[in-house]
Amino acid sequence: MRIDVFFSDRVGIAQEVLAELARRRLNVTAVEVDPPHIFIEAPAVDQASLDELREQLMEVAGVRTVEPVGMLPGAQRRLYLDALLASQPDPVFAVDESGCVVVANGAAIAACGMDEGHLIGTSMQALIGNPALLRELVDGGYHLPVCEVAINGEPYLLETMPLHEAGGRVAGAVMTLHAPSRIGERMSALQNYDAGGFDAILGTSPLIEQLKQRAARMAMVDAPLLITGETGTGKELLAHACHAGSSRRSQPFFALNCAALPENLAESELFGYAAGAFTGALRGGKPGLLELADGGTVFLDEIGEMSPYLQAKLLRFLNDGSFRRVGGDREVRMNVRIISATHRALEDMVSSGHFRQDLLFRLNVLNLQVPPLRERPGDILPLAQSFLSRACAQASRPPMRLSQAACAAMLSNPWVGNVRQLQNVIFRAVTMTERNIIQVEDLELAQVATPAAGDGTEVGSLDEAVAEFEKNLLQRLYREHPSSRRLARRLGTSHTAIANRLRRYGIA
């Protein structure tokens, strides 16, 4: 049984309490003194003998109570500490002032590849193989910025927290190793916390529904995917959805815009760099997106802007999953799915010598073409309504609505900037107008179709505006596709639906 002796603190009282247990010939296996408590573990004491023992101990001057407890505080702390360390997925070491391991969690034992008995007492120098770094840590009181080390050939970022005694002397440190993939998971979770799946792709037109169905099938195929489409059509959103719908959904997702960075910076961001690779580099090196995303997905936007040198390096990675960091001499192998996107015609770039044909073959295993907004007019107003609600919430405005004339103007606009332009137009209108009804002039559209000369009729309803736009669209496209079947294929809908509309408007 374990008992708690609560007492009034005085010199020698703990000795007198233990002497009483010795007089009764009780075997004591553990004692913890934490004034005003003495915690005692005596296996021979049971509930029947506890009352008698309590009477004897209460005769000791200063003893107030004697009560049973479930666990000694020290044992309880050790149990919780072991559970806390075991729950940490990152390797954690506690080292003494000379850098020898005192405590290590399960992840640290696994990373070192040795059993706990051999690991305890081992110098960190023997583990990381960098005497200069350990000497700098010890001499500097374990104050050192995060740096990269290698254990058993695996790279980790080392983070140290000094441990100080009461007088301020450094007694050692807690050293935590962060694997690049673990860091990548956390960074991805922060960057993509609100990224959705295919439900986040708004639109119900036949073209969009077909795109979602095709993308959902391709998401499950673990192969490179190339997404093509005009600027502003939502290629990155589709890439997010394909990652979320894949078997890699629980792993990191990172995006790199190949057009936004110069070649050397894009290379270090994608592939990382080794220690001392260039002036201003972090000491110890830095993992790139491919290492951070190990097991997950990397999205390369504007792949057509990638330099020839990076094209060759990316081709090597796509061939066998290996690469070298900038300034490094060690081959790194990672398991990452590449999703790329471009608004450019890569086949024409291959013909002109600006893009590698072998890289295009590697990237274009699977392909998705995102249709421009002008080819799916049925999505314009639903998208506008969604953006309107979102903009009102962001701008802290009461609910607003679009006038019939504004709806008609949006339906007739060419939307060269696609969905992104539509979103910006709605947000600007919500921000700048004082009214609760958005008019045509609030949209600030540069190319708004105006009624024909002499036509002074007003739009009577939204249905009339949509019908007028639909009629004009069919008249224009029918000249290019003079059959109901060809026109149906062009608009991504059924032959029957197009034939009915052509008869309704007297077009054919």
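1. In this predicted model, the largest nonpolar core is made up of 36 residues. Met410, Leu422, Ile426 and Leu443 have the most contacts inside this core.

2. Which elements give two or more residues to this core? They are α16 (380-394), α17 (404-412), α18 (418-432), α20 (462-480), α21 (484-491) and α22 (495-504). The largest share comes from α16, with 8 residues.

3. With neighbours within four places in sequence set aside, isoleucine 426 is in contact with Ala384, Phe387, Leu388, Leu402, Met410 and Leu443.

4. As a general point, nonpolar side chains in soluble globular proteins tend to be buried together.

5. How many disulfides does a search of the whole structure find? The count is 0. Cysteine 112 is in no disulfide, and the nearest cysteine sulfur, which belongs to cysteine 100, lies 13 Å away. A disulfide would need the two sulfur atoms within 2.5 Å. Is cysteine 112 buried or exposed? Cysteine 112 counts as buried because its relative accessibility is 6%, and the cut-off for buried is under 20%.

6. Cysteine 407 is likewise in no disulfide. For cysteine 407 the nearest cysteine sulfur is that of cysteine 392, 14 Å away. With a relative accessibility of 4%, cysteine 407 also counts as buried.

Conventions:
Residues numbered from 1 in each chain as written. Predicted model: local features only at pLDDT ≥ 70, side-chain atom pairs only at ≥ 80, totals over all residues. Heavy atoms only, no water. Buried < 20%, exposed > 50% of the residue type's maximum accessible area, 1.4 Å probe, protein only. Core = buried A, V, L, I, M, F, W, Y, C linked by side-chain atoms within 4.5 Å. Helix = DSSP H or I, 4+ residues; strand = E, 2+ residues; numbered from the N terminus. Contact = heavy atoms within 4.5 Å.
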